[in-house]
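Below is a colleague's note on the model, written as numbered points. Please read each point with the sequence and the coordinates open beside it.

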Amino acid sequence: MVVPLGMTVILRITSDDVAHSWWIPALGGKMDAVPGYVNKTWFKATKVGTYRGQCAELCGRNHANMTARVRVVPFDEYKAWFDREAADIKVARDEGAKQRAEINKQESTTQTP
Amino acid sequence: MAITSDTETTTARRTLARPQILSHEARPEARGWTSWITTTDHKKIGIMYLYTVLAFFLLGGVEALLLRIQLGAPDNTFLSPEKYNQIFTMHGTTMIFLVVVPLWAGFANYLVPLMIGARDVAFPRINAWSYWMFLFGGIALYASVFFQPPEAGWFSYVPLSSKEYSPSDGQDAWIYMVHLTGLSSMLGADQLHRHDPQHARARHGLGPHAAVRVDDPDLRVPDRARAVLAGRDGDDAAAGPQLRHALLRPDAGRARRCCGSTSSGSSATPRSTSSCCPRSASSPRSCRCSPASRSSATRRSRPRPPASPSSACSCGRTTCSPRRCRPSCSRSSCSRAS
């Protein structure tokens, strides 16, 4: 996760399988990720850097390997990262839509005798 | 002459007043190991509790050592993740359900009747039964070592402990263990409660009272057991029809924030599981805001219909029946009033 420096970040936490728990010790307490329920918490990082954490609720055999990382960067850098991600996502979506359209066209042409 | 007849009547009255103990059969006293498995003596049962607890404590200790060996070095491959989860589940479950709870049962069984001067607990056979349920609950759990032990932690939070995510039979073994030991500790605690804790505190100091209080949370174990069972989504063989709604499944839409799980270890205890989830907990005592319990509360607050004169009693209670208001009103005084 990349977050801007000195701004309040609001987290809405949920899960789509078993319960997990969000825990970056340097950025505040734990907050559970419970399927079917959205928990809210927030933090405000005041120093640039990389913060590491760990899932804090037994979630299966790879619970120990479920790590989390927060990279705190100045706002400009965050904005650049955000725009780049948004552009990447847009490109990927367009690509996906194009592929779907092609598949649909192929299927409709093969179906018609 | 007069003196003799006087003495005779006194003797007769004394004989009548003496309580009688009728024996229907006389069994030879059991000796050797049969005396232990057939006993209903609270001292023997207390000793059996303590030795069984010691055995489970050693097993749990060995498990703790295995865990610590794995954690002793980074990237250790002594235990696989699967085995690690299984062993820490067995360790936690053992220490909570097979050591801490029955440890008190052992001491309380041995000491409380002696401290309050009772001959035994209220129902010695039920007391023996609760010991055997505890033992077989532990055996049910440890039998899973031979196929696949549970690996969802001693707290077994759903959904991780549900069939979907823990398909192994070990989780079922865990549930059977919770049922047996839960029922065992409830019945055991009930034995001690029946010695009337108020009287115990007033007459015998705080010792036995404290033992009874410590056993008190055990009376809440069924909430926990039911919740856990419901987490198996009702398709488990052990789940009765009344348990088929997913009480603690958070995605069933009924959960409160605290129900899913907790950040602090203490909230994972049975006590707070039942007390912090007003709707999902199942006993009427803990679910104060459910419609059923609200209606029962209003029912209670409504004035009672006047009792018929025949049920009035010399002790002043209008709804007194000979059975209900002992010991403040004895059977004889009730019948006298009616």
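The points that follow go from conventions to the fold of chain B and then to its charged pairs.

1. Conventions. This is a predicted model, in which local features need pLDDT of at least 70 and side-chain atom pairs count only at pLDDT 80 or more, while totals for chains, interfaces and linings use all residues. Residues are numbered from 1 along each chain as its sequence is written, chains are lettered from A and ligands numbered from 1 in the order in which they are written, and side-chain values use heavy atoms, with hydrogens and water left out.

2. Secondary structure of chain B. With helices taken as DSSP runs of H or I of at least four residues and strands as runs of E of at least two, numbered from the N terminus, chain B has 13 helices and 0 strands.

3. Burial and contacts. Taking buried as under 20% relative accessible area, exposed as over 50% and partly exposed as in between (1.4 Å probe, protein chains only), 41% of the 338 residues of chain B count as buried.

4. Salt bridges overall. Side chains of opposite charge can pair when their charged atoms come close. If a salt bridge is a side-chain nitrogen of Lys or Arg within 4 Å of a carboxyl oxygen of Asp or Glu, the count over all chains is 6.

5. The pair between chains. Glu82(B) and Arg61(A) form a salt bridge with an N to O distance of 3.8 Å. This pair crosses from helix α4 (residues 81-116) of chain B, where Glu82(B) sits, to the loop between β6 (49-54) and β7 (67-73) of chain A, where Arg61(A) sits. Glu82(B) is partly exposed at 24% relative accessibility, and Arg61(A) is partly exposed at 40%.

6. Pairs within chain B. Lys43(B) and Asp41(B) meet at 3.7 Å, N to O; Lys43(B) is partly exposed at 30%, as is Asp41(B) at 25%. Asp172(B) and Lys163(B) meet at 3.4 Å, N to O, and here Asp172(B) is buried, with a relative accessible area of 13%, whereas Lys163(B) is partly exposed at 30%. Elsewhere, salt bridges that share partners join Arg61(A), Glu82(B) and Glu151(B) into one network.
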